[in-house]
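Subject: Structure handover

Dear colleague,

Here is the structure for your files. Please look it over before reading the notes below it.

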Amino acid sequence: MTTFQSIQQTLAPELQQLNDLISATLSSPNALMNKVIATYLERKGKQIRPIMVLLSAKLLGNVSRKVIEGAVAVELLHNASLIHDDVVDDTRLRRDAATINGLWDNHLAVLIGDFFLSNSLMLASGTGDIRIVDSIASLGRLLSIGELDEIYNARYNNLTEEVYFNIIYRKTASLFVSCAEVGAYAAGEPEGERLDALREFARLLGLCFQIKDDIFDYFSDSAVGKPTGNDLREGKITLPLLHVLETGADEDHERMTALARKELLEPAEISELIEYAVTNGGIDYAYQTMERLRDQACDILRTNFPPSATLDAFLSLIDFIITRDR
């Protein structure tokens, strides 16, 4: 049993409640919608984000019905964003499974995504906690801005490491921060140092999550449901290549920098850029960055919370994020 499976097993009763509520919430009087959603829910994934909500609540209090509702609200918003992203990117496979637009069409996928989103907001409102509603609503805004920032920088090549981290905070880490907030709010935690510490831990964990996802794009056997070099194919320069372009001084550096700025890349050019990033230490740098962020995150949590099984689960979770293979 892996460390993450151990976390899942510990939270098994709460996760069962969560999945029961997801199914009940997404039930509708429309037979086609129910069929599409039932197929989609067959591959619910690891559910790392609702697990973050549950662990946050356990760290600061107890898991109540309100916590479960908040966790489902975050999970539905996350899935709505994935469904809409698949439409925008014309993605037909995600993690080896057909997407909604791959199985049916874009029109249906957009409507299903909207249905997930509206149910997320209804659940957040149903908790009766305006802080949870505000966190969910702010999250939707940040996710949209992050995706638009990425598109803008892909088109205009206006990317530095600082800009990269701003983008991945909005498009990915903000979701983990919201998970921490929702779990804390639902458990009755007031604003203060403990909540701020948990937010910062979640932010750093979310940054690690996106950096690891970006690393997958440099290897053909990542099994994450997208071809190698997909980010470069879309004009997105991520941390491994960005680092070597910012710091390189070898004879190929100028040519590689110009190549990375091309609007459309040929498959051979994508392979060349990937090889340049890998051989010049870009992957090593990305792992070193994750380890630095992980150490910061763990220190923050240990400083602000006493030892407990839940604290250990959080520390194990960030290690899993960095070492996962998909």
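Predicted model: local features only at pLDDT ≥ 70, side-chain atom pairs only at ≥ 80, totals over all residues.

Residues are numbered from 1 along each chain as its sequence is written, and side-chain values use heavy atoms, with hydrogens and water left out.

Cavities

A search of the whole structure finds two cavities of 30 Å³ or more. A cavity here is a set of points, on a 1 Å grid over the protein atoms alone, where a 1.4 Å probe fits but cannot get out; lining residues have an atom within 4 Å of a point. Grid points are joined across faces, edges and corners, and a volume is the space filled by probe spheres set on the points.

The largest cavity holds about 140 Å³ of space. Its lining consists of 15 residues, and those nearest the centre are Glu150, Leu159, Ile167, Lys236 and Ile237. Two or more lining residues come from each of helix H8 (130-156), helix H9 (161-186) and helix H10 (193-216); helices are DSSP runs of H or I with at least four residues, numbered from the N terminus. H9 gives the most, with four residues. By type, the lining of the largest cavity divides into six nonpolar, five polar and four charged residues. In this scheme Ala, Val, Leu, Ile, Met, Phe, Trp, Tyr, Cys and Pro are nonpolar, Asp, Glu, Lys and Arg are charged, and the others, Gly among them, are polar.

The second largest cavity has about 30 Å³ of space. Val36, Thr39, Tyr40, Arg43, Ala98, Thr99, Ile100, Leu103 and Trp104 form its lining. Helix H3 (31-41) and helix H6 (100-103) are the elements that give two or more residues to this lining, and H3 gives the most, with three. Here the division is six nonpolar, two polar and one charged.

Lys171

Helix H9 also contains Lys171. Lys171 is buried, with a relative accessible area of 16%; buried means under 20% relative accessible area, exposed over 50%, and partly exposed in between (1.4 Å probe, protein chains only). What joins the side chains of Lys171 and Glu150? The link is a polar contact of 3.1 Å, a polar contact being a pair of N or O atoms within 3.5 Å; within protein, one must be able to donate a hydrogen and the other to accept it, and residues adjacent in sequence count only if both atoms are side-chain atoms. Glu150 is also one of the residues nearest the centre of the largest cavity. Leaving aside neighbours within four places in sequence, Lys171 is in contact (heavy atoms within 4.5 Å) with Leu143, Gly146, Glu147, Glu150 and Gln210.

Leu18

Leu18 sits in helix H2 (residues 12-25) and is buried at a relative accessible area of 0%. With neighbours within four places in sequence left out, its contacts are Gln47, Pro50, Ile68, Ala71 and Val72. Val67 lies 49 residues from Leu18 along the chain, and their C-alpha atoms are separated by 9.4 Å.

Cysteines

The disulfide count is zero, where a disulfide is a pair of cysteine sulfur atoms within 2.5 Å. The closest cysteine sulfur to that of Cys208 is in Cys298, and because the distance is 9.0 Å, it is too far for a bond. Cys208 counts as buried at 0% relative accessibility, and Cys298 counts as buried at 6%.

Regards

Notes: 1 Å grid on protein atoms, 1.4 Å probe; cavity = no way out; pocket = protein on both sides within 12 Å on 5 of 7 lines; lining within 4 Å.
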